Amino acid sequence: SCWLYSNYDIVTDIGYGEMNSNSTTSCTIPSSGTQPGWYSAVIEIMVDGAPTRWTIDVQRSDGPMWTYEPYEDLQVPQGGWAEVDASQLAVDPDGQIVRITSAEVNGSMSDFSIEILDSGTRMRVYHTAPDTEDLAPRILNISLKADGQYDDRANISMNLTLVDANNQLIV
């Protein structure tokens with residue numbers, strides 16, 4: 001079993017860990033709901049009823065999310081759509097889920113629409129223009145937020161490229 005404690009109070013009781021085929025034991029300690037600070041993680045292994053415990057000091061930080069800049073162009077097919085997962089844009093070092101809270105296209109917004117899906121874990125960008133006369137470069141601005149009780153936000157930008165029906169880059 002595994003647990004996380006601070007000042008002799010159990011903060012998170014993880015329950016049972018896992019032992020894989022090469023006899024490596026692991027426990028995943030969820031950081032959600034755990035205040036930043038120092039803790040002791042305890043792993044207890046029972047072999048034929050005899051316990052063995054290891055205690056490891058760990059620090060739960062409240063670090064800001066990391067963005068994966070620079071980003072590749074998001075290529076949207078003419079009359080079609082492209083999808084982006086929030087996990088492709090940033091990661092939270094504290095293990096919180098990163099979500100897309102809003103997105104907008106700079107330039108000719110009437111050529112595109114945006115749909116945020118699955119509670120913000122991904123989004124779709126649709127090309128909605130009936131023709132491709134406006135070939136001006138576009139920038140997709142995206143706002144991100146990590147789950148948890150701390151306000152962890154980031155704003156990123158990426159290029160939006162229109163690809164014609166024959167998968168030719170429109171320049």
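Modeller: Let's start with isoleucine 142, which stands opposite isoleucine 156 in β15. A word on the basis: this is a predicted model, where local features need pLDDT of at least 70 and side-chain atom pairs count only at pLDDT 80 or more, while totals for chains, interfaces and linings use all residues. Residues are numbered from 1 along each chain as its sequence is written, and side-chain values use heavy atoms, leaving out hydrogens and water.

β14 and β15 are joined by 9 bridges and run antiparallel. Strands here are DSSP runs (E, at least two residues), numbered from the N terminus, and two of them pair if DSSP finds at least two bridges between them. Both strands sit in an open sheet of 4 strands with mixed pairing, in the order β8-β15-β14-β11. At its edges are β8 and β11, each pairing on one side only. On average, neighbouring strands of this sheet are turned by 30° against each other, direction ignored; the axes behind that angle are lines fitted to C-alpha atoms, and angles run from 0 to 180 degrees between N-to-C directions.

Now for the packing. Ile142 is among the residues with the most contacts inside the largest nonpolar core, which has 24 residues; Leu74, Val125 and Leu140 are also among them. Such a core is a set of buried Ala, Val, Leu, Ile, Met, Phe, Trp, Tyr and Cys residues joined through side-chain atoms within 4.5 Å, where buried means under 20% relative accessible area (1.4 Å probe, protein chains only). β15 gives the most to this core, with 5 residues.

Val125 leads us to another part of the fold. Leaving aside neighbours within four places in sequence, valine 125 is in contact with residues including Leu74, Trp81, Phe112, Leu140 and Leu160; contact means heavy atoms within 4.5 Å. Strand β13 covers residues 122-127 and pairs in the antiparallel sense with β9 (residues 81-85) over 5 bridges. There, valine 84 has methionine 123 in β13 as its bridge partner. β13 is also joined by 6 bridges to β12 (residues 112-117), again antiparallel, and glutamate 115 stands opposite arginine 124. The hairpin of β12 and β13 has 4 residues between the strands, and in it aspartate 118 takes a positive phi near 50°.

Stepping back, the chain has 15 strands and 0 helices, and buried residues make up 32% of its 171 residues.

Terms used: Buried means under 20% relative accessible area, exposed over 50%, partly exposed in between (1.4 Å probe, protein chains only).
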